[in-house]
Amino acid sequence: MTLVEMVVPAPPEFSVWSDEPGILIIKFVTIPNAILPVLEYRIEWKLNTDSDWHQARYHQASEGNEFVIHGLSFESDYSIRIAARNTVGYSNYSEEIVQRTKGLIAETVVDGSSVSSSFNSSVSSALRAVIFQHYVILGQEQDITLSTTTVHS
């Protein structure tokens, strides 16, 4: 007979990236053949400028090894840390990973020339409102264009 000591899991390893404005994607590194498998992850994040952690979320390991955080500020640095839970309890938190979210990029076509502009979160809500208003006014029109956009730093 072999006696196995029951321990909490090691802090999880993970990677983070941003494919779209205002989101972060987290991918967990799973540990194959663990004596006690991970059941869930506790995910916390905060803006780098904040002192308190926000938005503790729980992700069941059975739901896969990726988790998406939505509704974040554009072009902002976030710290992410994760703890793993098995039947014994939670691990310590992982080392923090800092990742910057992507910004909103708008493209305007004028006389066949394309001009791209990057917008941070301070103008993103105003820009969304203008685009939405334009879309509602034009109804069936397929192309949404902005004639003038002024960005103040």
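Modeller: This is a predicted model. Start with Glu44, which has a relative accessible area of 11% and is therefore buried.

Colleague: With which residue does Glu44 form a salt bridge?

Modeller: The closest N and O atoms of the pair are 2.7 Å apart. That is within the 4 Å limit for a salt bridge. The pair links distant parts of the chain, strand 3 and strand 6, 37 residues apart. The partner of Glu44 is Arg81.

Colleague: Is Arg81 buried or exposed?

Modeller: Buried means under 20% relative accessible area. Arg81 has 19%, so Arg81 is buried.

Colleague: How many salt bridges are there in the whole structure?

Modeller: Glu44 with Arg81 is one of them. Asp77 and Arg100 form another, at 3.2 Å between the closest N and O atoms. Asp77 is in strand 6 and Arg100 in strand 7 (residues 97-100), 23 residues apart. A search of the whole structure gives three.

Colleague: Which residue meets Glu40 in a salt bridge?

Modeller: The N to O distance is 3.2 Å. Glu40 sits in strand 3 and its partner in strand 6 (residues 77-85), 45 residues apart.

Colleague: Why is the pair of Phe28 and Tyr41 stacked, and at what angle are the planes?

Modeller: The structure holds one aromatic pair. The ring centres of Phe28 and Tyr41 are 3.9 Å apart. Planes under 30 degrees apart count as stacked. The pair is stacked because the planes are at 10 degrees.

Colleague: Where in the chain are Phe28 and Tyr41?

Modeller: Both residues are buried. They are 13 residues apart, and the pair links distant parts of the chain. Phe28 is in strand 2 (residues 24-28), and Tyr41 is in strand 3 (residues 40-47).

Colleague: Which ring does the charged end of Arg42 sit over?

Modeller: A charge counts as over a ring within 6 Å of the ring centre and within 35 degrees of the normal. Lys46 lies over the face of Trp53, at 4.8 Å from the ring centre. For Arg42 the distance is 4.1 Å, and the ring is that of Tyr90.

Colleague: How far apart are the C-alpha atoms of His54 and Glu44?

Modeller: His54 is in strand 4 (residues 54-60). Beyond its neighbours within four places in sequence, His54 is in contact with Glu44, Trp45 and Lys46. His54 and Glu44 are 10 residues apart along the chain, and their C-alpha atoms are separated by 6.1 Å.

Colleague: Which residues make the nonpolar surface patch of about 240 Å²?

Modeller: Patch members need over 30% relative accessible area. Val8 is partly exposed at 36%, and lies in the segment before strand 1 (14-17). The patch is made by Met6, Val8 and Val88.

Colleague: What pattern does the chain follow along the sequence?

Modeller: The chain has one helix and nine strands. Of its 153 residues, 28% count as buried. Read along the sequence, the pattern is β-β-β-β-β-β-β-β-β-α.

Note on methods: Residues are numbered from 1 along each chain as its sequence is written. This is a predicted model: local features need pLDDT of at least 70, side-chain atom pairs count only at pLDDT 80 or more; totals for chains, interfaces and linings use all residues. Side-chain values use heavy atoms; hydrogens and water are left out. Patches are made of residues with over 30% relative accessible area and no salt bridge: like charges are joined within 9 Å, nonpolar side chains (Val, Leu, Ile, Met, Phe, Trp, Tyr) within 5 Å. Accessible areas come from the Shrake-Rupley method with a 1.4 Å probe; for residues, only the protein chains shown count as cover. A salt bridge is a side-chain nitrogen of Lys or Arg within 4 Å of a carboxyl oxygen of Asp or Glu. Helices (H or I, at least four residues) and strands (E, at least two) are DSSP runs, numbered from the N terminus. Buried means under 20% relative accessible area, exposed over 50%, partly exposed in between (1.4 Å probe, protein chains only). Contact means heavy atoms within 4.5 Å. Rings of Phe, Tyr and Trp (its six-membered ring) pair if their centres lie within 6.5 Å; planes under 30 degrees apart count as stacked, over 60 as edge-to-face and the rest as tilted.
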